[in-house]
Amino acid sequence: MADGTEGFYFDELNKVRVLEPEVSQETTKLKEECKEFVDKINEFQKIVGGFIDMVDSLAKEVEKEKMKAIGSRNLLKSIAKQRESQQQQLRALIAEKKTQLERFRLQHESLQKVESDQNEFIEQFILQK
């Protein structure tokens, strides 16, 4: 019911309106569409917020696992260095023991020679009597 007299209009309830009925309907429709759009944007923001929280949580877990891996790698390097140090110590000990063995072998040979000389002296001494 668009009875128009100089910018005044009557709607279907016979209320006086300043806007044309089509413009009023389009404005109302646009308002509803805007409300739906805002609702969808809010829902989207909630979803994105949840996604961001999940990604942050995963990032923290990854960082934690990364730190554990770095710690394990450092421990492994430390163990390897300790093992290398132990090997060097054992090589030095082996060299020392070889030197000691050679010294004992020479001493044994010397003592055998002394024993042999003494036995020979004893035999000669017994034969002289």
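Modeller: Here, helices are DSSP runs of H or I with at least four residues, numbered from the N terminus. This is a predicted model.

Colleague: How much of the chain is buried?
Modeller: Of the 129 residues, 2% count as buried. The chain exposes about 12400 Å², and carbon and sulfur atoms supply 59% of that area.

Colleague: Which residues make the nonpolar surface patch?
Modeller: F51, I52, M54, V55 and L58 make a patch of about 470 Å². L58 has its place in helix α1.

Colleague: Switching to annotation. Which residues does UniProt list for "coiled-coil region"?
Modeller: The UniProt entry, which is unreviewed, gives residues 76–114.

Colleague: And how much helix and strand does the model have over residues 76–114?
Modeller: That stretch is 100% helix and 0% strand. Its end C-alpha atoms are 56 Å apart.

Colleague: Now aromatics. How many aromatic pairs does a search of the whole structure find?
Modeller: One. F121 and F125 form the pair, with 6.3 Å centre to centre and 20 degrees between the planes. Planes under 30 degrees apart count as stacked, so this pair is stacked.

Colleague: Where do F121 and F125 lie?
Modeller: Both are in helix α1, four residues apart, which is about one turn of the helix.

Colleague: Are they buried or exposed?
Modeller: F121 has 54% relative accessibility, so it counts as exposed. F125 has a relative accessible area of 44% and is therefore partly exposed. The cut-off for exposed is over 50%.

Colleague: What sits over the ring of F104?
Modeller: The charged end of R103, 5.2 Å from the ring centre.

Colleague: On to charges. How many salt bridges does a search of the whole structure find?
Modeller: Five. One of them joins K35 and D39, whose closest N and O atoms are 3.3 Å apart. K35 and D39 both lie in helix α1, four residues apart, about one turn of the helix.

Colleague: What do the side chains of E65 and K68 do?
Modeller: They meet in a salt bridge, 3.6 Å from N to O. E65 and K68 are three residues apart in helix α1, again about one turn. E65 is partly exposed, with a relative accessible area of 41%.

Colleague: What is the N to O distance for R105 and E109?
Modeller: The closest N and O atoms of that salt bridge are 2.5 Å apart. A salt bridge needs the nitrogen within 4 Å of a carboxyl oxygen, so R105 and E109 qualify.

Colleague: Why are R105 and E109 separated by about one helical turn?
Modeller: Because they are four residues apart in helix α1. R105 is partly exposed, with a relative accessible area of 37%, and E109 counts as partly exposed at 39%.

Methods:
Residues are numbered from 1 along each chain as its sequence is written. This is a predicted model: local features need pLDDT of at least 70, side-chain atom pairs count only at pLDDT 80 or more; totals for chains, interfaces and linings use all residues. Side-chain values use heavy atoms; hydrogens and water are left out. UniProt positions are given in the numbering used here, feature names are shortened, and annotations may be inferred rather than shown by experiment. Helices (H or I, at least four residues) and strands (E, at least two) are DSSP runs, numbered from the N terminus. Rings of Phe, Tyr and Trp (its six-membered ring) pair if their centres lie within 6.5 Å; planes under 30 degrees apart count as stacked, over 60 as edge-to-face and the rest as tilted. Buried means under 20% relative accessible area, exposed over 50%, partly exposed in between (1.4 Å probe, protein chains only). A charge sits over a ring if NZ of Lys or CZ of Arg is within 6 Å of the ring centre and within 35 degrees of the ring normal. Accessible areas come from the Shrake-Rupley method with a 1.4 Å probe; for residues, only the protein chains shown count as cover. Patches are made of residues with over 30% relative accessible area and no salt bridge: like charges are joined within 9 Å, nonpolar side chains (Val, Leu, Ile, Met, Phe, Trp, Tyr) within 5 Å.
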